[in-house]
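Hello,

Here is the structure for you to look over. My notes follow below it.

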Amino acid sequence: RTAWRRPLQFTPAGLGDQGDLEMLSQLPQPRLMPMRRGPCGVVGLAFRRTIATGSGTELAYNEILDETGTAPGVLEAVTSAAAGVDPGLYISLFYESDCRPVILVAEGSDWVEHTRGAAGWTAEPAGLDLAALTGAAGSISPVSADVTRDGTFHVFGHSGGFLIHGSRSQDPGASWTFSALDQAPGTGVFQYRMDSTGSIHAVFEKTEYPCDPCDVTLYYGRLGPGGGWTDEVVQEGTWGPPLDLFSDSPWLLVDPSDRPMVVAHFQRRVVTGSFQSTELRAYVWEDGEGGAEGGFCAETVATESDAYQGGDGDGFTGALPVAGLDASGRVHATWLDMSIWHDATGYMNEIRGQIRHASRGTNSWSVARLGDQPGQSESPNPLVGYGAPLMVVLPDNAGVVIAAVQHTWETDSIYNSTDLPVTWVAHAFVATW
């Protein structure tokens with residue numbers, strides 16, 4: 001593999017508050033697909049950015065690759081910070097068939113669609129009427145977004161116990177249609193996907209907080225047209241002692257045959273909450289033989305960090321995975337390694353970084369490291385890491401584009417009584433093979 005990295009043309013928003021380093025160091029919610037490849041070859045990213053200290057945030061659009069697939073493209077303001085509306089992190093990006101970008105942002109009880117025309121960007125409500133769909137006024141909580149193989153746009157959110165599904169064609173100027181369905185049967189839904197038959201797939205948990213013991217099993221469900229939800233176990237969870245064993249941060253795919261696959265962060269945790277080890281796992285749906293029911297089979301993708309270890313060793317990886325399919329149906333996954341160490345008081349410290357990539361061949365996974373970040377053992381102060389990555393698979397199986405925000409934190413501990421300086425730089429990686 002060959003890879004290059006360069007800074008993106010923006011500064012993440014919210015830099016004045018270090019209350020949640022992970023939130024500040026991430027791009028918009030990955031499952032809402034704020035980065036996408038258009039039909040003409042453009043790879044774009046929609047995000048929120050700070051213009052100047054105290055001046056608020058605005059919605060922006062950055063072409064990471066232009067139509068040639070090589071050079072960086074334009075950076076545009078979509079909305080003005082002067083409008084006083086923070087676009088937040090609930091941002092989805094789509095492309096119409098003529099390659100014009102469409103950005104969808106959740107605002108209260110509707111989504112707002114931002115489209116680019118000859119005169120610039122314009123915004124219109126997507127047309128969601130929650131009261132008519134659900135019988136009650138409310139607000140929308142976005143969960144995920146998707147584009148099916150026919151080019152149809154999909155968004156999924158929750159409101160008042162309902163799953164709100166929106167869809168529209170990729171034709172220029174097309175309208176959105178919305179429906180209210182039953183939510184997946186869990187307490188927390190990580191992601192929804194649509195397949196070619198009109199069935200909706202989901203991954204979710206059934207944990208009821210507060211709890212002890214807790215149900216930490218990861219579930220998959222499918223909602224067929226006109227039917228009800230069915231669910232299957234993806235990873236059976238165990239609540240210790242001696243260890244908690246569970247998979248977290250799942251990413252759901254539906255392959256060209258409409259079969260599900262899940263990539264997730266498998267964790268072994270002692271009763272005090274410290275990690276014993278973590279790894280990246282993939283869960284592949286296998287049909288049963290001779291009329292038997294099918295189920296998920298686990299594959300181990302990676303068990304060790306790649307030169308990013310902390311004081312507790314290199315047995316920690318698989319954090320915040322994202323995944324996608326190339327034109328041949330091959331799976332690509334990107335995730336972060338973890339530096340784990342315990343300080344003099346016995347508290348576990350954790351920082352995530354070092355971009356990793358893997359692709360699934362016929363019988364095995366090919367794993368690589370993209371870029372080079374120092375873990376805590378190499379750089380105890382400052383601590384260097386990445387927030388949640390985004391990934392787009394390039395056409396013709398040529399490679400992937402990955403975006404993430406690096407943070408360099410002037411400290412040797414994640415436990416600090418006062419704010420300490422942090423520098424953020426957003427990076428784009430293009431890996432080809």
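**Sheets and strands**

Strands β7 and β8 (residues 110-117) run antiparallel and are joined by six bridges. Strands here are DSSP runs (E, at least two residues), numbered from the N terminus. Two strands count as paired if DSSP finds at least two bridges between them. Within this pair, Val105 has Val112 in β8 as its bridge partner.

A word on the basis before I go on. This is a predicted model, where local features need pLDDT of at least 70, side-chain atom pairs count only at pLDDT 80 or more, and totals for chains, interfaces and linings use all residues. Residues are numbered from 1 along each chain as its sequence is written, and side-chain values use heavy atoms, with hydrogens and water left out.

Back to the sheet. β7 and β8 belong to an open sheet of four strands in the order β6-β7-β8-β9, with antiparallel pairing. β6 and β9 (120-125) stand at the edges with a single partner strand each, so one side of each has no neighbour in the sheet. The twist from one strand to the next averages 25°. That angle is taken between axes, which are lines fitted to C-alpha atoms; angles run from 0 to 180 degrees between N-to-C directions.

Another open sheet has four strands, ordered β14-β15-β16-β17, and its pairing is antiparallel. Its edges are β14 (188-194) and β17 (229-235); each has a single partner strand, so one side of each is left without a neighbour in the sheet. Neighbouring strands are turned by 25° against each other on average, direction ignored. Six bridges hold antiparallel β14 and β15 (residues 200-205) together. Across them, Tyr192 has Ala202 in β15 as its bridge partner.

Val401 stands opposite Val430 in β29. Buried means under 20% relative accessible area, exposed means over 50%, and partly exposed lies in between (1.4 Å probe, protein chains only).

**Cores**

Which residues have the most contacts inside the largest nonpolar core? They are Phe94, Trp111, Trp176 and Ile355, in a core of 51 residues. Strand β23 (residues 331-342) gives the most to this core, with six residues. A second, separate core has 24 residues, including Leu27, Val43, Leu394 and Val401. A nonpolar core is a set of buried Ala, Val, Leu, Ile, Met, Phe, Trp, Tyr and Cys residues joined through side-chain atoms within 4.5 Å.

**Cysteines**

The whole structure holds two disulfides (pairs of cysteine sulfur atoms within 2.5 Å). Counting bonded cysteines along the chain, the pattern is 1-2, 3-4.

- Cys40 and Cys99 have their sulfur atoms 2.0 Å apart. The link is left-handed, with -65° about the S-S bond. It joins distant parts of the chain, 59 residues apart: Cys40 lies in the loop between β2 (35-37) and β3 (43-50), and Cys99 in the loop between β6 (91-95) and β7 (101-107). Cys40 is partly exposed at 27% relative accessibility. Cys99 is buried at 8%.
- Cys211 is joined to Cys214, S to S 1.9 Å. The torsion about this S-S bond is about 95°, so the disulfide is right-handed. Cys211 is partly exposed at 23%, whereas Cys214 is buried at 13%.

Cys297 is partly exposed, at 39% relative accessibility.

**Backbone points to check**

Asp212 and Pro213 are joined by a cis peptide bond, with omega about 10°. Pro213 sits in the loop between β15 and β16 (218-223). Gly240 and Pro241 are also joined by a cis peptide bond, with omega about 10°. Pro241 is in the loop between β17 and β18.

Cys99 has a positive phi of about 75°, although it is not a glycine. Gln354, in strand β24 (residues 348-360), has a positive phi near 65°. Gln354 is buried, with a relative accessible area of 1%.

Best wishes
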